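Hi everyone, thanks for making time this morning.

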Amino acid sequence: MEDNSVKYDGPIKKFKLEKFIKDNANGLCGHLTSDNSDQFKKPLVTVYFDVDFKRNAKGGCFESHRVMKVAKQQTEEIFFAVASTTDFSRELDEYGLDSEQKDKPQVTITGKKGEKYKMEEAFSVDNLAAFVTKFLAGEVEQYLKSEAVPESNDGPVKVVVAKTFDEIVNDDSKDVLIEFYAPWCGHCKNLEPKYKELGEKLSDDDNIVIAKMDATANDVPSPFQVSGFPTIYWAPAGGKDNPKKYQGGREVTDFLDYIKKEATNPVNIEEEEEEKKKKKKKKTEL
């Protein structure tokens, strides 16, 4: 029988032993299911097989044995799991893999912050070992579900896709207000003309970007979290690691008041509004 155990070499202290047991509850290569996915630490290498691990224990053990050969070679902190292709079809789609492909195993790695990586080569023990080695060396390109980069992006609201997120939203020299939307969302459709007007009012301010991204067609990177639509974040210059979720009203004046308060530099729109007030006052006096 394959030895799937992990040796504990630490001091015999209750809290440390309990932590060790919890961290290694799945051994060198656990069986990942929808019910226990939160128990697996990351980075996590998952190999998906067209096997019913509950009904076909023998087949499951054979596949796990192949993965454990690679797991035993690792000296760095990385974790391994096997899973059923059928049970994780949606996850495979999220990694850009074919969930309908059942004749060949498929491999993903989930990074510590949820980053996605996929193995392009056909599965074998040697290819899996090479893939893990390249990942640990930082030589595997992260997979991003992304729309095509727009050919033109000169509108008042910048269109962001996953491939341009760093370039536009994480530009550390600019304050960015970004809306994560869904094309079918009624609230997003109602917001669209107001959001466009906001972009137009701030179009002359080079320090502020008004942006939007279809969160159903693009991966949303950490630390942004989207659970409903629209979700709006303020990503300030010099503070991209700590974006603020916008909780204010959705009228143009609400957005402007918020931006004036949060902006790193004075907002150009303030001067424009002040000029309008002065002109209006002069007309009244005449």
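Let me start with a question: does Thr85 count as buried or exposed? Before we get there, please keep in mind that this is a predicted model. Now, Thr85 has 1% relative accessibility, and the cut-off for buried is under 20%, so Thr85 counts as buried. You will find Thr85 in the loop between β3 and α3, the helix at 89-94. What is Thr85 in contact with, leaving aside its neighbours within four places in sequence? The list is Tyr48, Phe49, Asp50, Leu92, Ser99, Gln101 and Lys102.

One name there leads us on, and that is Phe49. Setting aside residues up to four places away in sequence, Phe49 touches Glu63, Arg66, Val67, Val82, Ala83, Ser84, Thr85, Pro105 and Phe123.

Phe49 also takes us to the core. The largest nonpolar core has 24 residues, and those touching the most other members are Val45, Phe49, Val67, Phe80, Val107 and Leu128. Two or more residues each are given to this core by β2 (44-49), α2 (57-71), β3 (79-84), β4 (106-110) and α4 (125-136). Which of these gives the largest share? That is α4, with five residues. There is also a second, separate core of 19 residues, with Leu256, Tyr258, Ala263 and Val267 among them. As general background, nonpolar side chains in soluble globular proteins tend to be buried together.

Now for the strands. Five of them form an open sheet, and the order across it is β1-β3-β2-β4-β5, with mixed pairing. At the edges sit β1 (30-31) and β5 (116-118), each of which pairs on one side only. If you look at β4 and β5, you will see that they pair in the antiparallel sense over three bridges.

Why can we call β8 largely enclosed by the rest of the structure? Because six of its seven residues are buried. As for partners, β7 (residues 175-181) runs parallel to β8 and is joined to β8 by seven bridges. Here Ile178 stands opposite Ala211 in β8. Then there is β6 (residues 158-159), also parallel to β8 and joined by two bridges. In this pair, the bridge partner of Val159 is Lys212 in β8.

Which residues of α7 are buried? They are Val252, Phe255, Leu256, Tyr258, Ile259 and Glu262. These residues cover an arc of only 165° around the axis, so they are on the same side of α7. The face turned away from that buried side carries the exposed residues Thr253 and Lys261.

How many disulfides does the count come to? The count is zero. As for where two of the cysteines sit, Cys29 counts as buried at 6% relative accessibility, and Cys185 counts as buried at 4%.

Definitions and conventions:
Residues numbered from 1 in each chain as written. Predicted model: local features only at pLDDT ≥ 70, side-chain atom pairs only at ≥ 80, totals over all residues. Heavy atoms only, no water. Core = buried A, V, L, I, M, F, W, Y, C linked by side-chain atoms within 4.5 Å. Buried < 20%, exposed > 50% of the residue type's maximum accessible area, 1.4 Å probe, protein only. Helix = DSSP H or I, 4+ residues; strand = E, 2+ residues; numbered from the N terminus. Contact = heavy atoms within 4.5 Å. Disulfide = S-S within 2.5 Å. Pairing = 2+ DSSP bridges. Arc of directions from axis to C-beta.
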